[in-house]
Amino acid sequence: MSSIITADALTKEVSTGSDRLVILDHVSFAISAGESVAVVGASGSGKTTLLGLLAGLDTPTRGRVMLAGRDLGAMDEDGRARLRREAVGFVFQSFQLLPALTALENVMLPLELGGVAAARETAAALLGRVGLAARLRHYPRQLSGGEQQRVAIARAFAGPPQVLFADEPTGNLDAATGCEIVDLMFELNRDRHTTLVLVTHDEALSRRCARRLRLSAGRLEADERGAPVRLAAVAP
Amino acid sequence: MGAGLGPAGVLRLALRLLGRDFRAGELRLMALSLVLAVASFTTVAFFADRVRQALSREASQLLGADLVVVSDRPIEALLAEEASRLGLSRTATTRFPSMISGAQESLLTEIKAVGEGYPLRGRLRIAGPDGVPRPMVGAPAPGEAWVDERAFTRLGLRFGGPVNVGDRALKVAARVVDDPDTSIGFLNVMPRLMLNAADLPATGLIQTGSRVIYRLMVSGSREAVDAFRAFAAPRAGPGQRVEDVRDARPEIRSALERAERFLGLASLLSVILAAVAVALAARRYLQRHLDACAVMRCLGASRAQTVWIHALQLAVLGLAAGLAGCGAGFAAQWGLSALLAPVVQVSLPPPSVAPALQGIAAGFVLLLGFALPPLAALGRVPTLRVLRRDLGPPRGTAWLGHAAGLAAVVALILWHTRDLKLAAWVLGGLAMAAVVSAAVALGLVRAAASVGREAGFAWRFGLANLSRRALGSVVQVVALGAGLLALILMSITRADLLDSWQRSLPPEAPNRFLVNIQPDQRQALAEFFAAEGRPAPQLFPMVRGRLAAINDQPVNASSFGDERARRLVDREFNLSWAQRPQLDNVIVAGQWWSRQPPAPLQFSVEQGIADTLGLKLGDRLRYDVAGTPLEGAITSLRKVQWDSFRVNFFVVAPPGTLDDYPVSWVTSFHLPAGEAALMDRLVKRFPNLLVVDVAAVLAQVQTMMDQVIRAVEYVFLFSVAAGLLVLFAAIQSTHDERVREAAILRTLGGDSRQLRQAQAAEFVAVGALSGLLAAVGATALGWVLAERVLNVPYTLDPWVWAVGLVAGGAGVLAAGLLGTRQVVRASPMETLRRA
């Protein structure tokens, strides 16, 4: 299977006055299309930084990222934004819905940014798919945490994306709701043959992915592969 | 903190923190708002201070003497004799309006006949053919005249050439450069000519009905002047007053006070808008400093220290911004002075330091009212916030901030108006305008958002943001709308109203008044018009009398509180007689007299003057006509259409009742354009007649008004700037939110162009809604002024709407994009970092 994401000697440093702090240190790997990969590690290990670099939200100090066959380093911010629009979906820990827009409008947003004609219909259908057909005109503040994350998932799949990046998607949810959300996300991921890159510190959640990249102090410590395990089976 | 931070330590820490906050840009907007408020305040204050100084510095110069007796009839010889007896120097002037003519044209001019020794104080300067001004004491030689620049140019006079004044031809001997009496004045429109008092009788200009001002001027030792004042003041009858340097030119002082009050209120709008910006900036400062304060408290700073640190920061900021504002105001007042120079007509001394101190004080009032209450809340931040970020300052104290802000606004309005009643009106008006415009703005914001739902991404996103931050949006729309409204009213609406009014006048409306026609000239005048092939205009009789008593109660100026009533009673009324009311008069109360009016004498009084003087049907009025009493009762009240420009009178009596009194005649007629030469022939034939060119007078008043309005517009520019500051403050207060949203949009694939479009949609909407609000306000006020004040039909001007929408939209778009240029550059990593 061809690689949809390739990280080549990715290094990220930040300067703190006269010192330089290395956040990621020569991280290399490749992810095939349709794979589900969890990035795991302790706090400060560089998980979120890696996710940002892979999705083109940030640029590495050294090294190279290829996403959907494109070299992110050769593109400017607007170019990377267009690539995200075409090929990437996101699910965040804090949902990141726009408070001024209704659920429907939030899901329409990536479609509209991409100039899709039937944005409203597509968005409504996706919200129906995540069980929010009756909540189209509700604002984020009128929705529960679980419902907001469902809207965020619908928005993430609106593209439709080749790669779905999820950053601690259950971090702000209770266990039961988190479980439902993860089921939904994996279900959609499977249906749509999307590549999933999931950042989590939750070992149980990470085991639902076929592959785990384990980071420690900015280095890739392990690249583990194993059959995915359903969350319900390991939940306490 | 060891033994604790002493006062000096608190001050040092406050200064260090202030420097850091300022460098970080946290306080720039608050400082800028204060600078603008103080600049707007001091621009007007510096200018008024300069005029006031000029008035007091040149008081005796303005008076031309130490003390002057002003009278509308010849001054009794008794006073001149007393002045001589006290050893005072004295001279006299006689002033009145009249026509003068050169070789071709004639011109309405103020004539001043002066005696020897003029002026007793101040500087009279004249220039001869060499153009070099030289000081002068005394009158022109008999047979000679000195004319001012305006008369010189308009009549095309030349040195040594003739100028006709009444029946006398005088030789133009000099041009007047400075004359104490005329060196300053608001609305000082007439050209002037000086002649020797000895030439006055030969001109034949002082006749029945002439409006003449006599002045007896004295100077000398303070004791003698005081003694003369004590002698003259009690003897001053109606139409006479005694002026000294303390009350010189009361009309200028009152005009200055009105101008200062009006310009001050105009500047107050920008001060209040700037206060809103200060409040918004202070709120953001509070939100940004909650964590820092919690940490400081956690590290051992007491509540008092926390409050003191912020209060000291504010004090230093207030002082620095106040000084900068004074500097800006000082620079801006030169512009204001230049705009008003033709109206003020005086060389202004440099301003004193008092307005600067007042400006700084006003800045502190704003800070106390609008910034201190939110910042004082920092002292109440719970220390536990270091663990739980959702904990803010205790709620329920917001009213304190609102009350302090309101108190600051009230204090500033009171300070400006120095009048409790006016302050109450201004405050009430402002409050009502704020409530109404906020309601309209809220409606517009909601409507725009609902329309935007159906639009594309950029519009929907921008308008949705507008609606979500409804309160902030309303504040921005109202603040910007107020600034725009002021400018639209001053420019477009004013021009429209003037245009409507001028168009409402019939094209054949009289445009020339002939005043001072003597009874024996009536026939000759009719023949003159006949010879010119024109119909003779209808003449109206005019008898001048002073109102002496109402219902047997003697009245004078001091009997009335109203300024207009005082002026009316102080002057002589023009009484007339008529068999029937004029066509443009409507009887609104009582009845017009029958053909054979029974005794006693009846008066028909114009309704407006009756209201001013508190007169009603049945009241008995006694007039003093050249020393003879004339008494009658009011039997009807009339409404007069004054802008018909036909001759009309405040008080009319039945025919035959005024036959025994000295009478002159007056008329008005329409002189077609291009026939001005007829007037020159008329003045040559009847030199004593006064020709008032209505169009010329209106044009002069219009020019003067334009100059004043440009000055007001200048002051209102501060309001627009303050409106923009409110916009910036509102943008800044939502900066973090905007950055977060921009980061989300970027993460979802939005590029810079799409981000800018969404921002642009929001700002265009804010600007267009402000413009719309301003246009609605200008249209409503224009309608009220047209229909209720000017009585002309109001025509909707599409320019008001076009300019409002386009100027508002484009202006706010530019300012908004400038204010959010950082937001577009937001890194999409923010979406991950701020999880």
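Residues are called buried at under 20% relative accessible area, exposed at over 50%, and partly exposed in between, with a 1.4 Å probe and protein chains only. This is a predicted model, in which local features need pLDDT of at least 70 and side-chain atom pairs count only at pLDDT 80 or more, while totals for chains, interfaces and linings use all residues. Residues are numbered from 1 along each chain as its sequence is written, chains are lettered from A and ligands numbered from 1 in the order in which they are written, and side-chain values use heavy atoms, with hydrogens and water left out.

Chain B comes to 24 helices and 22 strands, where helices (H or I, at least four residues) and strands (E, at least two) are DSSP runs numbered from the N terminus. Its C-alpha trace spans about 100 × 65 × 60 Å along the principal axes, and buried residues make up 52% of the 835 residues in chain B. Counting as a contact any heavy atoms within 4.5 Å, residues 24 or more positions apart account for 82% of the contacts in chain B with a separation of 6 or more.

A nonpolar core is a set of buried Ala, Val, Leu, Ile, Met, Phe, Trp, Tyr and Cys residues joined through side-chain atoms within 4.5 Å. The largest such core has 47 residues, and those with the most contacts inside it are B:Val605, B:Tyr623 and B:Leu682. Apart from it lies another core, of 39 residues, with B:Ala321, B:Leu367, B:Val409 and B:Ala423 among them. In soluble globular proteins, nonpolar side chains tend to be buried together.

When neighbours within four places in sequence are left aside, B:Leu682 is in contact with B:Leu514, B:Leu525, B:Phe528, B:Phe529, B:Leu689 and B:Val691.

Strand 3 of chain B also holds B:Thr109, which counts as buried because its relative accessible area is 0%. A polar atom of the B:Thr109 side chain lies 3.0 Å from the backbone oxygen of B:Leu107. This is a polar contact, that is, a pair of N or O atoms within 3.5 Å; within protein, one must be able to donate a hydrogen and the other to accept it, and residues adjacent in sequence count only if both atoms are side-chain atoms.

In chain A, A:Arg214 is found in strand 9 (residues 211–216), and it counts as buried because its relative accessibility is 19%. Its side chain is joined to that of A:Glu203 by a polar contact of 2.8 Å, and a polar contact of 2.8 Å also joins it to the side chain of A:Glu224.

Where do the backbone angles call for a closer look? Most residues other than glycine have a negative phi, and most peptide bonds are trans. A:Ala217, in the loop between strand 9 and strand 10 (219–225) of chain A, has a positive phi near 45°, and this residue is exposed because its relative accessible area is 64%. A:Gln96 likewise has a positive phi, near 55°, but is buried, with a relative accessible area of 1%. The peptide bond from A:Gly159 to A:Pro160 is cis, with omega near -5°, and a cis peptide bond, with omega about -10°, joins B:Tyr118 and B:Pro119.

Finally, the two chains meet where 28 residues of chain B are in contact with 33 residues of chain A. The area buried between them is about 2,800 Å², of which carbon and sulfur atoms give 59%; buried area is the accessible area (1.4 Å probe) that two parts lose on being put together, summed over both. Six salt bridges are counted between the chains, each a side-chain nitrogen of Lys or Arg within 4 Å of a carboxyl oxygen of Asp or Glu. One of them links A:Glu105 with B:Arg460, the closest N and O atoms being 3.8 Å apart.
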